[in-house]
Amino acid sequence: MKKIYSSIRGMSDFDPTKSLAFGEVIEKAKNVLKVFNYKEIILPILEEKDLFIKSVGETTDIVERQMFKIEGKDIVLRPEGTAQVIRYYLQNSLHKSSNFHKFFYTGPMFRGERPQKGRLRQFHHIGAEAIGSNSYYLDAEMIVLALKILDEVGVSKKELKINTLGCDGDKIRFSQYLKESLSSKKSRLCDDCQKRLDRNPLRVLDCKSQQCRKEVIALNLEKEHICGDCQDKFQNLLVLLGDLGIKFTYSPYMVRGLDYYTDTVFEISSDKLGSQDAIGAGGRYNNLIKYLGGPDIPAIGFALGLERIFLTLAEKKLEEKLDVFVATTSQELLGLGINILGQLREEGLSCDLDYCAKSLKGQMRSAQKKGSRIVVILGEEEVANNTLLLKDMDKSIQKTIKKEDLTLEINKIIKA
RNA sequence: GUGGCUAUAGUGUAGCGGCAGCACAAGAGAUUGUGGUUCUCUUAGUACGGGUUCAACUCCCGUUAGCCACCCCA
């Protein structure tokens, strides 16, 4: 038996129906982004590995074991977009051209995880970044924008979770505190958390294990680890969101897994997704630009997972209907048929004919299957009289027209 | 990355250690230039590679892919 190649693990094909839905979602999202004045940038799929080590974090799973490397080079397939946008921003010294920028991007991202529903090795993000302001009004805009996009594309049920991690100083202090206060109880934490305590103590906070949760609650954490400024800002943001009518859940134990996040973090989830329930997430990354060698400029962004968005959408029967199908009574007339197609396509009408030598009956069947609104029938009789037979498929009526009236008559039917 | 489950025409599904069925879809046709309903016919399958056995789609191992939970994240 001949070998049939299959796609690479975790990388799926989009069939015509999915592609149509994909295009529709992207288009709707882009319209919202445009209304919010975000500018699209299209960036390469390959980046220097070090960019992600420095931004996402050396000890994160993404960097430690999920990146696809180009053999023999320090180049990887991008696992996410934020670091890349900042790379672009700094490379072009955009802070010198204006003190505030809004960008968005869409495209494939790559992470070598074990695939599951809602978790692919090649998946698609649509992400937005706003660079140059630390205002909580901007935080609110970001959240409103993410929700608005999801509304527009038809994700009805979703939950917004929000938290603040505090500024860099807060994060360091709090990590230290957790390390110290939990070290005596280390043996009671799950295996994962014992490791986390050394490497990334904040992650212990959102562990799902009952035992770890108990220990975290026992610490009786207030928000004292967050400095006054950050607390005020966060409070203001929550009030503002309330005023804007945004429903949210304050999730004090939510910690995002990418090192660059600071202050406000949020996540939007759906209960239709099973284990991989986050359809979008984002937050501030006020230190990233400085950390990547640029000036001290605050920024915030989010990313939505397109495949996960699709999973939440009820499967719609999306079909592209054909305006006109051209049927001929013999193969010899195909040349004339093709001329007609050319004429119709100039008018922007979608049309097609049969290349498989089907009988007229067969052609009618396939016209019907393609959802054709109109069938143009071309036979010897029509050729002799310089006419065409025009059939309205919905009404099941047909009439003979003069060849030169073709587009006129078709438009009459379509616009009726 | 860890543990587990699954794999049968294009799709959805039966079945059995001894001839692989069904439905839908697809193609052809039903007095010859016309679609949808109906009827007839046709095409098409045990994911891949090994092993056990007289005999494997069935049992075992491996590979690949998908799924579930964990992990991670969008």
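Of the 416 residues in chain A, 36% count as buried, meaning that 20 or more other C-beta atoms lie within 10 Å of a residue's own; exposed means 12 or fewer, partly exposed is in between, and the C-beta atoms are placed from the backbone. Keep in mind that this is a predicted model, where local features need pLDDT of at least 70, side-chain atom pairs count only at pLDDT 80 or more, and totals for chains, interfaces and linings use all residues. Residues are numbered from 1 along each chain as its sequence is written, while chains are lettered from A and ligands numbered from 1 in the order in which they are written.

How confident is the predictor? Chain A averages a pLDDT of 93, and 99% of its residues score at least 70; pLDDT is the predictor's confidence in each residue, from 0 to 100. The model scores are ipTM 0.89 and pTM 0.92.

Now for the overall build. Chain A has 16 helices and 15 strands, taken as DSSP runs numbered from the N terminus (H or I and at least four residues for helices, E and at least two for strands). With a radius of gyration of 28 Å, well over the 22 Å that the globule rule gives for 416 residues, chain A is more spread out than a compact globule. That radius is taken over C-alpha atoms, and the rule is 2.2 Å times the number of residues to the power 0.38. Along the principal axes, the C-alpha atoms fill a box of roughly 95 × 55 × 40 Å. The chain is divided into domain 1 (16-167 + 227-312) and domain 2 (324-415), with bounds from an automatic or database domain assignment. Their C-alpha centres lie 50 Å apart.

Next, look for the open sheet: eight strands in the order 1-4-5-10-9-8-6-7, with mixed pairing. Two strands pair if DSSP finds at least two bridges between them. At the edges sit strand 1 (39-40) and strand 7 (249-250), each pairing on one side only. Strand 5 is mostly covered, with nine of its 10 residues buried. It runs antiparallel to strand 4 (residues 101-110), joined by 10 bridges, and antiparallel to strand 10, joined by seven. His125 of strand 5 is the bridge partner of Gly107 and also stands opposite Gly305 in strand 10. Strand 10 pairs with strand 9 too, in the antiparallel sense over five bridges; here Gly280 has Leu304 in strand 10 as its partner.

Gly305 turns up again at the RNA. Of the 61 residues around RNA strand B, Arg9, Gly257, Gly305, Gly379 and Glu381 come nearest; a residue is near if its C-beta atom, placed from the backbone, lies within 6 Å. Among the elements giving two or more residues to this surface are strand 5 (122-131), strand 9 (278-284), strand 10 (299-305) and helix 12 (306-312). Helix 14 gives the most, with eight residues. By class, the surface has 18 nonpolar, 20 polar and 23 charged residues. Here Ala, Val, Leu, Ile, Met, Phe, Trp, Tyr, Cys and Pro count as nonpolar, Asp, Glu, Lys and Arg as charged, and the others, Gly among them, as polar.

Finally, find Glu332 in the loop between strand 11 (324-328) and helix 13 (334-346). Why does Glu332 count as exposed? Because Glu332 has 10 C-beta neighbours inside 10 Å. Glu332 and Leu306 are 26 residues apart in sequence and 47 Å apart in space, C-alpha to C-alpha.
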